[in-house]
Amino acid sequence: AKLLTHHELTEMVDSHCYADWRTALSQVQGIYLITDTSSGRHDVGKADGTERILGRWRSYARDGHGGNVGLRELSLARERLAAAQSTPISRARHFAYSILRVFGPSTSPSEVDEAESHFKRALMTREFGLNRN
């Protein structure tokens, strides 16, 4: 499994070099893992929207948190710390992205939801990670 840094994720969603990869990721649903490499905390998420994994990862590439509450809180805390120390810091530079499981486009939403819940339980991301739901 490929592990992407935030920089690599941004490059993948923007660069023409990765057109085939983007096409593949736009066709499949999936469960992904985001790891804060500075703390080891995880966030498990699902990508089942219009553009599937690609669409979800584009939102993370764009703003670093993709609207995710736990990641947004972490990003804001880092920004406050950086401001207090007068040090510029990228909100998402410590995030690493990987795919845990892929589903075909016709997989039922309940099967994807069940897999997401399984990984959240197995990795205990609600108790010790960044998942808030």
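## Buried or out in the open

Let's start with a word you'll need: a residue is called buried when its relative accessible area is under 20%, and exposed when that value is over 50%. With that in hand, look at the chain above, which is a predicted model. It has 133 residues, and buried ones make up 41% of them.

What about the surface? The chain exposes about 7300 Å². Carbon and sulfur atoms supply 53% of that area.

## The parts list

How many helices and strands does the chain have? Count along and you'll find five helices and four strands. Starting at the N terminus, the order of elements is β-α-α-β-β-α-α-β-α.

Now for who touches whom. Take the contacts in the chain with a separation of 6 or more: 66% of them are between residues 24 or more positions apart.

## How the strands line up

The four strands form an open sheet, in the order E1-E4-E2-E3, with antiparallel pairing. Which strands sit at the edges? They are E1 and E3 (42-47), and each of these pairs on one side only.

Let's walk through two of the pairings. Strand E1 (residues 4-5) meets strand E4 (residues 95-103) in the antiparallel sense, over two bridges. Here Leu 4 stands opposite Tyr 97 in E4.

Next, strand E2 (residues 29-36) also runs antiparallel to E4, and eight bridges join the two. Find Leu 33 and look across: Ser 98 in E4 stands opposite.

## A closer look at Pro 109

Pro 109 belongs to helix H5, which covers residues 109-123. Is Pro 109 buried or exposed? Pro 109 has a relative accessible area of 55%, so it counts as exposed, given that the cut-off for exposed is over 50%.

Gln 29 falls within the stretch of strand E2 (residues 29-36), while Pro 109 lies in H5.

Terms used
Residues numbered from 1 in each chain as written. Predicted model: local features only at pLDDT ≥ 70, side-chain atom pairs only at ≥ 80, totals over all residues. Heavy atoms only, no water. Buried < 20%, exposed > 50% of the residue type's maximum accessible area, 1.4 Å probe, protein only. Contact = heavy atoms within 4.5 Å. Areas by Shrake-Rupley, 256 points an atom, 1.4 Å probe, with all protein chains shown as cover. Pairing = 2+ DSSP bridges.
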